[in-house]
Structure formats: structure tokens, C-alpha cells
Amino acid sequence: MIPTEINVTHCDYGDPSHLQAVATLINTYIRDEMGGGEPLSKSGRFRLVDGLQNSANAIVLLAMYRGSFCGLLVAFENFSTFTAQPMINIHDIFVPRSCRRKGAGRKLMNALIAEARERRCSRITLEVRHDNAAAQHLYRDMGFDDTNPPMYYWRKQL
């Protein structure tokens with residue numbers, strides 16, 4: 001796979017193949033060693049695509065190579081009170097093992113960066129697992145780094 005052969009497109013919620021790709025890629029991500037969780041049920045997959053479609057702030061990008069989906073990026077536009085401008089947070093970025101190290105992740109990230117610039121966003125944020133060296137390498141190579149001062153990512157399950 002040559003990176004120039006990878007195309008990135010916004011999810012077309014009217015295209016069943018796009019909806020299937022989002023659900024399949026998220027479930028593949030969940031089952032991946034970097035995901036860790038229980039795959040979504042059929043109703044969970046429906047709630048996923050319905051929720052994304054109905055979220056005014058969702059940005060869902062799909063990478064394709066020769067007619068097959070090879071990557072997914074899900075992000076959400078928010079608003080930064082510190083810069084008084086929009087910002088984007090990457091929630092998920094996933095490339096299946098069979099497609100890795102071929103440029104799909106970089107293409108997805110570049111497409112989002114271009115969109116963030118068009119939207120006049122002040123920044124893009126993301127979370128990365130401490131043990132995901134490959135993703136950290138990609139993000140650093142693209143200009144992402146720890147915050148100053150460093151921040152923690154915390155959560156409360158409900």
C-alpha cells in the first residue's frame with residue numbers, strides 16, 4: 001500500500017457501506033490490544049452510528065485503499081475558553097493491523113489537521129495510551145507533544 005493510494009473521506013451516513021465500516025472498525029479497535037473491551041452488540045453498533053450522525057460536533061473520517069476501508073478517525077469539535085476559538089479533540093483513530101505502517105494513520109491525521117485549519121480551530125487534542133509507542137511516534141512526528149505543564153486524563157465511569 002502506497003500512502004498516495006489511500007483516500008480519506010468523510011463518513012456518508014446515507015451510504016450503508018460507510019456505516020458498516022464505522023461499526024466494523026470500532027469493533028475491531030475494541031478487540032485490538034490497544035482497545036480492550038467488549039465489542040458492541042448489533043444494537044450498540046446502531047446506537048454508535050446513529051449517535052455520531054446526530055452529533056452536530058462529530059467528525060468521522062474513513063480511509064480507503066482500493067475500495068476497502070483501512071482506517072477510521074472520530075473527533076469532536078468543541079470550544080476552547082482559553083483561546084476563545086473552536087478546537088478539535090480526537091476521540092478514536094484506528095488502523096487495522098493488516099493496514100498499519102502504510103500511511104493510513106498519517107493520511108487521516110493530515111485530513112483532520114486541514115479541516116481544523118479550515119474551521120479556524122486553535123488546537124487539536126488527543127489521548128494516547130502510555131504503552132502505544134507506535135501511535136506516540138506518529139503523533140510526535142506530526143507535531144503533537146505532551147502539554148506544558150503535563151496533564152492527566154481522568155475519568156469517572158457512570
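Guide: Contact means heavy atoms within 4.5 Å. This is a predicted model, in which local features need pLDDT of at least 70 and side-chain atom pairs count only at pLDDT 80 or more, while totals for chains, interfaces and linings use all residues. Residues are numbered from 1 along each chain as its sequence is written, and side-chain values use heavy atoms, with hydrogens and water left out.

Visitor: Leaving aside neighbours within four places in sequence, with which residues is H18 in contact?

Guide: Those residues are T9, H10, C11, D12, L62 and F69. H18 itself is found in helix α1; helices (H or I, at least four residues) and strands (E, at least two) are DSSP runs, numbered from the N terminus.

Visitor: Does H18 count as buried or exposed?

Guide: Buried means under 20% relative accessible area, exposed over 50%, and partly exposed in between, with a 1.4 Å probe and protein chains only. H18 has 8% relative accessibility and therefore counts as buried.

Visitor: At what angle do α1 and α2 pack?

Guide: Axes are lines fitted to C-alpha atoms, for helices over the stretch in contact, and angles run from 0 to 180 degrees between N-to-C directions. Helix α1 (residues 16-31) and helix α2 (residues 42-53) pack at about 120°, their axes 10 Å apart. Angles under 35 degrees count as roughly parallel, over 145 as roughly antiparallel, 65 to 115 as roughly perpendicular and the rest as oblique; α1 and α2 are therefore oblique to each other.

Visitor: Which residues of the two helices meet?

Guide: From α1 come L19, V22, A23, I26 and N27, which meet R45, L48, V49 and L52 of α2.

Visitor: How many bridges join β3 to β4, and how many join β4 to β5?

Guide: Strand β3 (residues 68-80) and β4 run antiparallel and are joined by nine bridges; N78 stands opposite M87 in β4. Three bridges join β4 to strand β5 (residues 124-126), and these two run parallel. There, T125 in β5 is the bridge partner of N89. Strand β4 (residues 85-94) is mostly covered, with eight of its 10 residues buried.

How values were computed
Two strands pair if DSSP finds at least two bridges between them.
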